[in-house]
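Welcome to this tour. Open your viewer, keep the selection tool at hand, and follow along one stop at a time.

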Amino acid sequence: MKTFNEIAEFGKKLASLDNMDNTLELIAEEAKRLSGAERCSIFIVDDTDNILWTKLSNDIGRIVIGLDAGIVGDTYKKKEGQIVNNPYEDRRFLPNIDKQSGFITKNMLSIPIFNSKRDVMGVMQLLNKSRGDFDEKDLDILTFLANYISGSLELVLMNES
């Protein structure tokens, strides 16, 4: 129960933010804290251009991929969270992003973020859990977080467009 109470406290901070950069940064930091992940990227869906893009991606800069590309694209398409503990052995993995950044992805958790119409408006991707591999407990906690932050993120996205 402690984790869910911590998320509720986090929600109070989130409610006070009104711009996309600060909101995404706070969400990413909370997701990393809850999961023990090294990195968190939040991909935003752009249905007009059929892409997923990150505004925040831990010193890598903006990442843009097709709606059907990679594990993030598969998460968008299937509308369900995914645990990938051997990404280099997964045909959906996009190793060119690691090559560009010099980062090595060891494991990954990818979770859809739904808007109020239950359409996927974003995908939260966590990389490199510090202790072991991602598991169902991580998926449950981060799915809860994604559902919890969805309203705030939807409002910020509407205000930015």
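Before the first stop, sort the residues into classes: Ala, Val, Leu, Ile, Met, Phe, Trp, Tyr, Cys and Pro count as nonpolar, Asp, Glu, Lys and Arg as charged, and the others, Gly among them, as polar. This is a predicted model, where local features need pLDDT of at least 70 and side-chain atom pairs count only at pLDDT 80 or more, while totals for chains, interfaces and linings use all residues. Residues are numbered from 1 along each chain as its sequence is written, and side-chain values use heavy atoms, with hydrogens and water left out.

**Stop 1: strand β6**

Select residues 120-129, which make up β6. (Helices, H or I with at least four residues, and strands, E with at least two, are DSSP runs numbered from the N terminus.) Is this strand mostly covered or mostly open? It is mostly covered, as 10 of its 10 residues are buried, where buried means under 20% relative accessible area, exposed over 50%, and partly exposed in between, using a 1.4 Å probe and protein chains only.

Strands pair if DSSP finds at least two bridges between them. Residues 37-46 form β1, which pairs with β6 in the antiparallel sense over seven bridges; look for F43, whose bridge partner in β6 is V123. Strand β5, residues 108-114, also pairs with β6 in the antiparallel sense, over seven bridges, and here I113 stands opposite G122.

**Stop 2**

Follow the hairpin of β5 and β6 through the five residues between them. R118 sits in this loop and has a positive phi of about 70° although it is not a glycine. Most residues other than glycine have a negative phi, and most peptide bonds are trans. Next select N128 in strand β6, which has a positive phi of about 60° and is not a glycine either. N128 is buried, with a relative accessible area of 5%.

From there, go to T105, in the loop between α4 (95-101) and β5. T105 is buried too, with a relative accessible area of 3%. Leaving aside neighbours within four places in sequence, T105 is in contact (heavy atoms within 4.5 Å) with residues including Y88, F93 and N128.

**Stop 3: the nonpolar cores**

A nonpolar core is a set of buried Ala, Val, Leu, Ile, Met, Phe, Trp, Tyr and Cys residues joined through side-chain atoms within 4.5 Å. The largest one has 30 residues, and those with the most contacts inside it are I42, I113, M124, L126, L142 and L145. Which element gives the most to this core? Helix α5 does, with nine residues. Select L145: beyond its neighbours within four places in sequence, L145 is in contact with I7, F10, E30, A31, L34 and M124. A second, separate core of 13 residues includes V45, L67, I97 and V123.

**Stop 4: the largest pocket**

On a 1 Å grid over the protein atoms alone, a pocket is an open set of points where a 1.4 Å probe fits, with protein on both sides within 12 Å along at least five of seven lines; lining residues have an atom within 4 Å of a point. About 460 Å³ of space lies in the largest pocket. Of the 20 residues that line it, the closest to its centre are I44, V45, D47, M121 and L157. Helix α5 gives the most to the lining, with four residues. Colour the lining by class to finish: nine residues are nonpolar, four polar and seven charged.

Definitions and conventions: Grid points are joined across faces, edges and corners, and a volume is the space filled by probe spheres set on the points.
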